[in-house]
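Here is my notebook from a first look around this model.

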Amino acid sequence: GMGWEERVSELEAMAEGTSAPPDTAPEQYPTSGPFTVTNVTEAQVMMEPNPGFWNSDFLNWSQVQLTAMQQVNQRNQALVNGRLSGINGQVYTPAGNILDQLPDHFNTYQHDESATSGVALNAATVPWFGDPRVRQAIMLALDKPQLARIGHKYANKAPERPPGLIYPGYRRYVPEDMYDGYETYSQDVERASELLRAAGFSMSSGTWQTPEGNPFQIELLTTSETVQVPAVLMRQLKDFGIRMQLVTQGSTQVDNRKGRGDFQMASQGWWVNHVGMWTRMIQQSDRRHRFGDLISDEEVQEFANRYDNVENVEYDWTNNLETPTSEQWRDFTLPVPPVGERPIDAPPITEWNGSSPEGWRDVPVFYYAHTWGNALSEEQRQEHMTQLSWAHNWFLPYVPFAISAQVAVQNQRDWNAPTNETEWKQHAPINKLMEQGRITAASQD
């Protein structure tokens, strides 16, 4: 193949416009990373250390083999039998029972607590979910540490910080005197019952009755491949007095139903950073439906019709509102009480008649989310995040019960690699540590 100096010369010629881009195989392309491609087949990519890499002296092994493994069982087997030397844990985090089977010379490291798992409550199909007291009651009824452990005993844990402030970077924007009003929603069945009663529900023969006098019953939609956590969640809510039915279908069917909003309750997750979530709940119809239509399709279309400069452009999987001004985003609001106040006395949601309960405010959460990326002053950022995080904490756009970390796995016998967990607290740690010369082969065999 082409040597490093030849590749550099060709790249320089391309940059100067004296040669056309090469119409060659991938292994002929110049690269600047730690490895270069030597061979590509349908199932594998073979690579070798790049002599032009800035830290190439530490790349003391001769070959890297990348193998496509689409099936989880195939990945699990390759990891347990030692065929894989390590994984970053991004695309593939093995289940806890697989990590338990690793040989003794493999270490695991948690990093990047970047995602949350929970459930979406669809107010478009269950009107009672439009009442934040009902949403709060459901979250208070759940044993979140149990759900987190069942989801993954090594990668998951129950949120310790309140919803809306789960991402630690947001905490600095909320004043201390306001923070005390945020709810962490640790399991409290008595408070959950108090909230449902305040929303007009009553208990009869161990089952909650809606304000209309019917049994409160919910269908929980999940895939047949991931039934364990939803089954436990269903049992917890049954014990609380809600009639639950678990509906399992194939992953494609479930995904399509969630994208259409054809569910009552369904699994839903998001990143710990929630600003983008609000934007998605307007901009993308598929995403909007998955969160239970906090803003309906009709409201989005009415917004587009209201302004000459705004278009609602339909794509295969999104509903994009194009070219609204920042101020126009203020039209989308969420009713919440003042920051730190948690009133529970208000009529049932069906009696609100389009107006918020007395004392509540219509907060332009979508304006705050859309302008978060602007050049804001510290004072403005505090205002934006206080309002966004409080709306999240009060209304619960979805009910998060677990924070998920990524789990990296590293063979420590055949590779010299750090064992200090702090060094693994970075994105794609194996890649980064190799580039830094912190992971090297124990021998060159």
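**Phe303 and its partner.** I looked up Phe303 and found it buried, at 0% relative accessibility; buried means under 20% relative accessible area, with exposed over 50% and partly exposed in between, using a 1.4 Å probe and protein chains only. Phe303 forms an edge-to-face aromatic pair with Tyr307, at 5.4 Å centre to centre and 70 degrees between the planes. Rings of Phe, Tyr and Trp (its six-membered ring) pair if their centres lie within 6.5 Å, and planes under 30 degrees apart count as stacked, over 60 as edge-to-face and the rest as tilted.

**Ground rules.** I noted that this is a predicted model, where local features need pLDDT of at least 70, side-chain atom pairs count only at pLDDT 80 or more, and totals for chains, interfaces and linings use all residues. Residues are numbered from 1 along each chain as its sequence is written, and side-chain values use heavy atoms, with hydrogens and water left out.

**Gln328.** Next I asked what Gln328 touches. Not counting residues up to four places away in sequence, I found Phe303, Tyr307, Asn309 and Val310, where contact means heavy atoms within 4.5 Å. Gln328 sits in the loop between strand S13 (319–322) and strand S14 (334–336); helices (H or I, at least four residues) and strands (E, at least two) are DSSP runs, numbered from the N terminus. Gln328 is buried too, with a relative accessible area of 10%. A polar atom of its side chain lies 2.9 Å from the backbone nitrogen of Thr325.

Searching the whole structure gave me 25 aromatic pairs. One of them joins Phe129 and Phe216 edge-to-face, 6.3 Å centre to centre with 65 degrees between the planes. This pair links distant parts of the chain, 87 residues apart. Phe129 is buried at 0% relative accessible area, and Phe216 is buried at 1%. I also found one aromatic cluster made of Tyr179, Tyr182, Trp352, Trp360, Trp390 and Trp394.

**The cores.** Which residues have the most contacts inside the largest nonpolar core? They are Phe216, Met265 and Trp278, in a core of 78 residues. Such a core is a set of buried Ala, Val, Leu, Ile, Met, Phe, Trp, Tyr and Cys residues joined through side-chain atoms within 4.5 Å. Apart from it lies another core of 17 residues, including Phe53 and Trp61.

Methods:
A polar contact is a pair of N or O atoms within 3.5 Å; within protein, one must be able to donate a hydrogen and the other to accept it, and residues adjacent in sequence count only if both atoms are side-chain atoms.
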